[in-house]
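This report describes one structure, starting with how its strands pair. The sequence and the structure are shown first.

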Amino acid sequence: MRHLLSTADLSYAQALNILDTAAQMAKVSEGSIKKLPTLRGRTIVNLFFEDSTRTRISFEAAAKRLSADVINFSAKGSSVSKGESLKDTAQTLQAMGADAVIIRHFASGAPQRLADSKWTSGSVINAGDGTHEHPTQALLDAFTIRKHLKNGIGDLAGLSIAIVGDILHSRVARSNVILLSLLGAQVVLVAPPTLLPLGVENWPAQVSYDLDSALPHVDAVMMLRVQQERMNDFFFPTSREYSHYFGLNFDRLSLLKNSAIIMHPGPMNRGLEITAACADSARSVIVEQVANGVSVRMAVLYLLLAGAPTEGGGSVA
Amino acid sequence: MTKYLIHGATLANGVNSEIYISDGVIVEVASKVSHPESNSAQRIDLSGCLALPGLVDLHTHLREPGREDSETVASGARAAAKGGFTAVSAMANTFPVADTAGVVEQVFRLGQSSDMCDVFPIGAVTQGLAGKALAELGAMADSAARVRIFSDDGNCVFDPMVMRRALEYVKKFDGVIAQHAQDPSLTVDAQMNEGTVSSRLGLKGWPAVAEEAIIARDVLLADHVGSRVHICHVTTAGGVEIIRWAKARGIQVSAEVTPHHLLLTDEKANSFDPIFKVNPPLRQEKDVMALREGLADGTIDIVATDHAPHPAEDKECEWQAAAFGMIGLETALSVVQLTMVETSLLSWDEVAVRMSIAPARIGRYSDHGQPISTGSTANLTFINPRASWKVDRDLVASRSKNTPFHGMELPGKVVATFFRGEPTVLKGRLVRGGNGS
Amino acid sequence: MSVALNATDISRALTRISHEILERYHGADSVVLMGIPTRGAFLSARIAATMSQIEKFEVSVGTLDITLHRDDLRMRPVRALIPTLAPKGGIEGRDVVLIDDVLFSGRTVRAAFDALGEIGRPRSVQLAVLVDRGHRQLPIRADYVGKNLPTALGETVRVQLSEIDGIDEVLVEPGGGLA
């Protein structure tokens, strides 16, 4: 594997290998010395066409713990309305000797364009592209679920996981549906019909419009951020009505199994899709997701960059 | 006086015939031409070739004036000739917009000076393509360009009252409104066909209903006011259904389909390569099959390329940032052979109707789409249907290289094109006008 | 290909090393054996068992994955990580004996020092290997050696252990050698 563009690119064995490697990385992160020499001398570029401080610093922390040199390149605000600049930027990074480009872009497919082009020879890691995918988020979610519900071992067989909210515009949901089902979990998508994509019935997931009836059966519930501006496009009448039907609140907490965990990829809209009481409850693993994000990203960087360079793809497994 | 005696070619009906051309006109078509002056004619051997009336394309974007970096009337006319066309219609979305007699006359004259094919400008329906106020349709019709087709292509004439008035007004000079059927509010920021693929890729979907709703409305409007309406680039099975229904009712509707919509599907977007980004978008397999069927049974009258050249920088970028459109003049006939002839959906006689006779009739281009017989203007296309070729974007005559067929092996090669009695293409190569003069 | 050590040779060597370690530390209570995966981990388990048998005392044993500290990662396809398992009570202030199958360039041992630093600060570190084949590239020396095996640089020494290879033997093969 040379790039990580989509969770659909991962085989079952590769996905498990990333989780297992991340578990080792997590141990390192728990130790007194958090820095490893593994990627010394390698240059990693954080190429962000869209603001995302948390994703950027997570990748930055992961790269630095492995001793890579990190260059942050924020293209936001520069002229990218004409896409030429993706090419120009990539060629610039290539000239600077980037071994890997971690790209966050508002346009779906931009990481794949970069990987398929001859503009850069480095590995491309998708850190979220438009409404397409966010594979490292899905990997850290799977890692978190496995840690809590499977003792950190093996796959996710037998678990049921609800993803609730704006599925239509969510790259987190897309990557998670693919990855969680690959790992054997049953995924339930819960959303108003307006926020479900056309053809969702072909996805490896069940669909429900009713959060209350879904909650008692799931082992984990993942709440998605709802953008306030969706309201203006008639996706739902008011934010109050949205919260009423699809928000996770104190009353709904009691519907969950005792062992069930609450997740959110962040940043949260407290009071809209999740109340503070839920976000801060003992079942919430939201803060831990952030820590796991660093371990998972260390694993991805290690597996993509540590070995001998491969032409057109070696293997992770 | 130039005289040519073409021998070795077969007519679409399968009869091997010699064709004697003199002074721009077909003088004699016979198994052995007997005309006394034919002895002094230049003999051209087109053995193994099929003779078709010169192809007519009602839908091209030649970009001049304003975007000469992507195409000019001259370069577009060369691409047309190479693809076997003897007449093309140039859409109005230039800079400035072809919404006045001045601009359409300019485009018309550029076409004449190219001397590669006839270039018939299409006039804008509304001023600046803005959809608000009618352009001076009468002045464009009466200009030297004698415009008969009007279109805001690229934009839909969305306001039903504006569309109604336009349909009515062009009756005065036997004109036709060519509608780009796309409900704009259902397609804000739309990137590709809305379906399983767009949902997976996270690209904003372009629902089929956005096209079908406008087609339905416009055939009803045309029926109501008794006017002709032409539907540009139909892409959906539902659209074909509606047009079939309208024709059965006797509504004066004609429709076109592009070669790319006859062959490619939205699965191509999986690459995120915007070479496959086009308006209207590539649809699904079931739509492709319905389009082929509609073209075969005559529901869809013609093939038109929607040749839309774009410079490299408008395609070498993110999908969302890229321009819509693909070039098609040089590959059209081959794609039709692949999708329609080799599937036995159309005979070559019917191809002549769909790609020459019917489009000439819709555009009222009287010198085109004539039968290959004595007295017709010598607009002719000769293809070798048994030859095949590999599309190479670096070898196109168009100024832009944005062909979605690059690297594909296609059947059927245009061997010769005759425009008003003179060859523009011989042995598959452009023979004159290489400098655009 | 020749057999340098057979099963009996290996068993004898490990027993001798077990005795030497006990002798060196006057018992086993301060000692932690840390095997370097894959085969070093099996060897350390065997030595620990032998030592425990002699002393009637549970010897502390763990494994130490050094992959993330290697300086030759770029020369081979990416390697899977193996858990580092520190013994109960850790290694802080104790006498660590690193155990590996073959001592060659010394780079593995260097990486092991770094990996060890991650989990604690032992009082001392020693090194035990089943085979020392020479050709050192770093100033590193083993404290306990099962067998000194002179080899050519181009040869490969292959240690096979019954736990994963189904047989106990050490082979010297032509080809391969230092990467």
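## Strand pairing in chain B

In this predicted model, strand β1(B) is joined by four bridges to strand β5 of chain B, residues 42–45, and the two run parallel. Within this pairing, Tyr4(B) has Gln42(B) in β5(B) as its bridge partner.

Strand β1 of chain B, residues 3–7, is also joined to strand β3 of chain B, residues 18–22. Four bridges make this link too, but here the strands run antiparallel. Lys3(B) stands opposite Ser22(B) of β3(B).

In a regular strand, side chains alternate between the two faces of the sheet.

## Overall form of chain A

Chain A contains 11 helices and nine strands. Its C-alpha atoms fill a box of roughly 55 × 45 × 35 Å along the principal axes. A compact globule of 317 residues would have a radius of gyration near 20 Å, and the 19 Å of chain A agrees with that.

Of the 317 residues in chain A, 54% are buried. Counting contacts in chain A between residues at least 6 apart in sequence, 77% join residues at least 24 apart.

## Where chains A and B touch

The contact takes 22 residues from chain A and 17 residues from chain B. On the side of chain A that touches chain B, at least two residues come from each of the helices α3 (84–95), α4 (110–116) and α6 (171–182). The residues on that side of chain A comprise six nonpolar, 10 polar and six charged.

How values were computed:
Residues numbered from 1 in each chain as written. Chains lettered and ligands numbered in written order. Predicted model: local features only at pLDDT ≥ 70, side-chain atom pairs only at ≥ 80, totals over all residues. Rg over C-alpha atoms; globule rule 2.2 N^0.38 Å. Buried ≥ 20, exposed ≤ 12 C-beta atoms within 10 Å, placed from the backbone. Contact = placed C-beta atoms within 7 Å. Nonpolar A, V, L, I, M, F, W, Y, C, P; charged D, E, K, R; others polar. Pairing = 2+ DSSP bridges.
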